[in-house]
Amino acid sequence: AGAQRIGHGVDIMYENDSYQTLRTMRQRHIAVEINLTSNAVILGVSGKDHPFPVYRKYGVPVTLSTDDEGVSRTHLTQEYQRAVLTYNLTYSDLKQIVRNGLEYSFLPGESYWQNGTYRAPVQACASARTSHSCKTYLDANEKARMEADLEDRFEIFERAVNQWPSAAK
C-alpha cells in the first residue's frame, strides 16, 4: 500500500504469508516502529512473544519509540534499556537502531548514507565531510545533516570509551 514505516507491527506473525511480508518490508526498506513498553503494558506482548527479534532476523529496519510519554510514563532511554536487557543487544545493534531512527524519520531532505548498511556516505560526502560538495549537500538536506551530526557524536563517545581503563570497559 506504499507504507514508508509501520507503527507497532505486533501482529505480523498472524498475517497471511507473514514471512513474505517480512521479506517485502526488508526489500522495500519499510521500517517498523517498536514500542516495547506500550506493547507490554497495553497489549501484554513482551519478551519472547514480541516480534522484535523476528523483524531483526529478517532484516526489517526497526526503530524504537514510545507510544505516548505522557500516558505511558516512559521515555526513549527506557525503551532502549528494555531492548538491551530483553534481547541482549550489542552496541553495534544499538547503533543500527539509532541510525534507523533518523533514516526512517520524516525529516526533510535526503539521507547522508548511500544505503541502509550505513557504511558509506553519499557521493557528495565520500571524500570528506569538510569538502565543499559535502557542506553544500548537508546545508540542503536536514536529514543528512542530523545523520552526520549523529556520526560525530558516535565518534566522540567511542573515543571516550576507548580511553577508559580496561577494568571499566
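Predicted model: local features only at pLDDT ≥ 70, side-chain atom pairs only at ≥ 80, totals over all residues.
User: Which exposed residues sit on the face of helix α8 turned away from its buried side?

Analyst: Start with the buried side of α8, where K143, A144, E147, A148, L150, E151, F154 and V161 are found. Seen down the axis of α8, these buried residues fall within an arc of 155 degrees, so they line one face of the helix. The face turned away from that side carries the exposed residues R153 and I156.

User: What covers the buried residues of α8?

Analyst: Helix α8 spans residues 142–162, and its buried residues include L150 and F154. The cover over the buried residues of α8 includes two helices, α6 (91–103) and α7.

User: At what angle do α7 and α8 pack?

Analyst: Two packed helices are described by the angle between their axes and the distance between those axes. Here the axes of α7 (residues 132–140) and α8 are 5 Å apart. On the α7 side, Y137, L138, D139 and A140 make the contact, and on the α8 side E142, A144, R145 and A148 do. The packing angle is about 115 degrees.

User: How many of the residues in that contact of α7 with α8 are nonpolar, polar and charged?

Analyst: Good follow-up! Among the contact residues are L138 of α7 and R145 of α8. Sorting the contact of α7 with α8 by type gives five nonpolar, no polar and three charged.

User: How far does α8 reach from its first C-alpha to its last?

Analyst: Helix α8 has 21 residues. At 1.5 Å a residue, the expected reach is 30 Å. The model comes close to that, with a reach of 30 Å.

User: Is the torsion about the S-S bond of C125 and C134 making the disulfide right-handed or left-handed?

Analyst: The structure holds one disulfide, and it joins C125 to C134 with an S to S distance of 2.1 Å. Both C125 and C134 are buried. The torsion about their S-S bond is about 90 degrees, so the disulfide is right-handed.

User: Is T63 buried or exposed?

Analyst: T63 lies in strand β3 (residues 62–64). Leaving out residues up to four places away in sequence, T63 touches V32, E33, I34, I97, N100 and G101. Its relative accessible area is 10%, and a residue under 20% counts as buried. T63 is therefore buried.

Notes: Residues numbered from 1 in each chain as written. Heavy atoms only, no water. Axes fitted to C-alpha atoms, helices over the stretch in contact; angles between N-to-C directions. Helix = DSSP H or I, 4+ residues; strand = E, 2+ residues; numbered from the N terminus. Contact = heavy atoms within 4.5 Å. Nonpolar A, V, L, I, M, F, W, Y, C, P; charged D, E, K, R; others polar. Expected span 1.5 Å × (residues − 1). Buried < 20%, exposed > 50% of the residue type's maximum accessible area, 1.4 Å probe, protein only. Arc of directions from axis to C-beta. Disulfide = S-S within 2.5 Å.
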